[in-house]
Amino acid sequence: MTISSLRCRSVNKFRLAESKKEAANQYYSQKQYKKALVGYNEVIALCPNVSRYYSNRAACYMMLGQYRDALADAKKCIELEPTFSKAYVRMIKCFLILGEILEAETILKKLQEFDPNNESISTEEKDITYVKKYLKDADVAYNVKDYRKVVYCMDRCCDISTSGTRFKLTKAECLALLGRYQEAQDIANDALHIDKQNAEALYIRGMCLYFQDDVDRAFTHFQQVLRLAPDHAKALEIYKRAKCLKKKKEEGNAAFKREQYKEAYNLYNEALTIDPHNIMTNAKLHFNKATAAAKLGKLTESVTECTEALKLNENYLKALLKRASIYMELEEFEEAVRDLEKACKIDKNTNRETKRLLGKAKLLLRKSKRKDYYKILGIDKNASTEDIKKAYRKRALDHHPDRHANASEGEKREQEKKFKEVGEAYGILSDPKKRSRYDRGHDLDDNEGGFQDIDPNAMFHFFCQDGGFQFQFHDGFPSNAFHFQFPG
């Protein structure tokens, strides 16, 4: 019987404790750890000064994932028996699992002092070295803002430190900086379930809220962090930055409401320099800047700012619709159609106005791809039938091939093309039904067009014989003898 055993009040009590320990060990070997824990608790209650009982319960706590309790038992074991090697090994493992690497190193050195040949030393050393390597890599990556690398390094650390809250929260912070807010919040929430006063987890939740433009709730979190940890530098810095950003944005909005668009534009521009990590707020600032630019008549710049907003938030419906409207003003109908179609996909409950704009943009796109017969004749869209006739007479004369008989081959082909187009334009616009369909944006098929298979010269002479005009050419140019005969 050991000295520790003799401290039990009676031999019978010790025998009972041993019996219960054997039963608990049986449960442990069957992986019934909760039942084993009940037994170890009873054993320690009977004999609270036997070191190996605490060692056994520490092992059981570890299997249940209760590493803090396991640490407490391992420490108690060492107090009772300072050279109990198993207790040291269990402490090292617990510290490693919890991510407390310096503490694990300290205990490992103590173990090496009195038990240098312990088989566990090399294994634990290897794990400590592994974690330290990735911690060092993570520090370097964080300093150069390579947050993806930090996430990778923290995952490697967690291969060993499976319950290392510090590593997980570092990963969460970098996920937030990468815009992966839900993942970051999930990690922070897990930490807060364990410890509601975890300042680092509250800071990360505040970051996520701030980066998602939920500023007021973010402020509440930052204030709570600073009450718990007044010297939390990151929380203090981001809190100040968030207040500055909110103030500048509100100043810009106030200037816009006063119709001081230039001032609003400049304030939004200043706000964009405050925090490049705040993607959601910056997307809104780019949109606001686009709106101010449009008010100032800077349409191309407005498109650019909408594009910047959409780079930060590809499903930003307001920016998409704004860009589409500016494209319409710039007569860039293909781009407008693209944006409006995407807007309809993003918003399944698309309002009627968006659908109406899409229909209008498609119509204008079709029109833009057709020949502009009004432009070919040099008339506006409200031209009368007589205006159309006069315009045809003039343009037909200007481009008639006979008039350009002495021109180069290239010039002849160009004038022939224009002469034909003038005939096409007249054929459509002089026919009320065809003109109406053309004005509504409907495509005219070959039969309706009616000019693809007709000799434009024949049409020209037909028009002339129909009382239009008569003229004579000499060497490719109208002679002094030609004269017009306009209908009465």
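**Helix packing in the predicted chain**

Modeller: Of the contacts in the chain with a separation of 6 or more, 53% join residues 24 or more positions apart, where contact means heavy atoms within 4.5 Å. This is a predicted model, in which local features need pLDDT of at least 70 and side-chain atom pairs count only at pLDDT 80 or more, while totals for chains, interfaces and linings use all residues. Residues are numbered from 1 along each chain as its sequence is written, and side-chain values use heavy atoms, with hydrogens and water left out.

As to confidence, the chain has an average pLDDT of 87, and 88% of its residues reach at least 70, pLDDT being the predictor's confidence in each residue on a scale from 0 to 100. The value falls below 50 over residues 446-453, a stretch with 14 contacts in the model beyond near neighbours in sequence. It is also below 50 over residues 467-488, where 46 such contacts are found beyond near neighbours in sequence. Where pLDDT is low, predicted coordinates should not be read in detail.

The chain contains 26 helices and two strands; these are DSSP runs numbered from the N terminus, helices being H or I of at least four residues and strands E of at least two. Of its 488 residues, 43% are buried, which stands for under 20% relative accessible area, with exposed meaning over 50% and partly exposed in between (1.4 Å probe, protein chains only).

Two packed helices are described by the angle between their axes and the distance between the axes. Here the axes are lines fitted to C-alpha atoms, for helices over the stretch in contact, and the angles run from 0 to 180 degrees between N-to-C directions. Angles under 35 degrees count as roughly parallel, those over 145 as roughly antiparallel, those from 65 to 115 as roughly perpendicular, and the rest as oblique.

Helix α6 (residues 85-97) and helix α8 (residues 120-143) cross at roughly 15°, and their axes come within 11 Å, so that α6 and α8 are roughly parallel to each other. The crossing of α6 with α8 is left-handed, that is, the near helix is turned anticlockwise from the far one by less than a right angle, whereas clockwise would be right-handed. On the α6 side the contact is made by Val89, Ile92, Lys93 and Leu96, and on the α8 side by Ser120, Glu124, Asp127 and Ile128. These residues divide into four nonpolar, one polar and three charged, with Ala, Val, Leu, Ile, Met, Phe, Trp, Tyr, Cys and Pro counted as nonpolar, Asp, Glu, Lys and Arg as charged, and the others, Gly among them, as polar.

Lys132 also belongs to α8 and is partly exposed, at a relative accessible area of 40%. Leaving aside residues up to four places away in sequence, Lys132 touches Ile101 and Glu105. Between the C-alpha atoms of Lys132 and Cys157, which lie 25 residues apart along the chain, the separation is 8.2 Å.

By class, the contact of α16 with α17 comprises ten nonpolar, three polar and three charged residues.

Helix α23 (residues 409-429) and helix α24 (residues 432-439) have axes 6 Å apart and pack at an angle of about 100°; α23 and α24 are therefore roughly perpendicular to each other. Gly427, Ile428 and Leu429 of α23 make this contact with Lys434, Arg435 and Tyr438 of α24, a set with three nonpolar, one polar and two charged residues.

Two loops between helices also deserve a look. Asp213, in the loop between α12 (199-211) and α13 (215-228), has a positive phi of about 65° although it is not a glycine, and Asp213 is buried, with a relative accessible area of 18%. Glu259, in the loop between α14 (233-257) and α15 (261-271), likewise has a positive phi, near 65°, in a residue other than glycine, but Glu259 counts as exposed at 56% relative accessibility.
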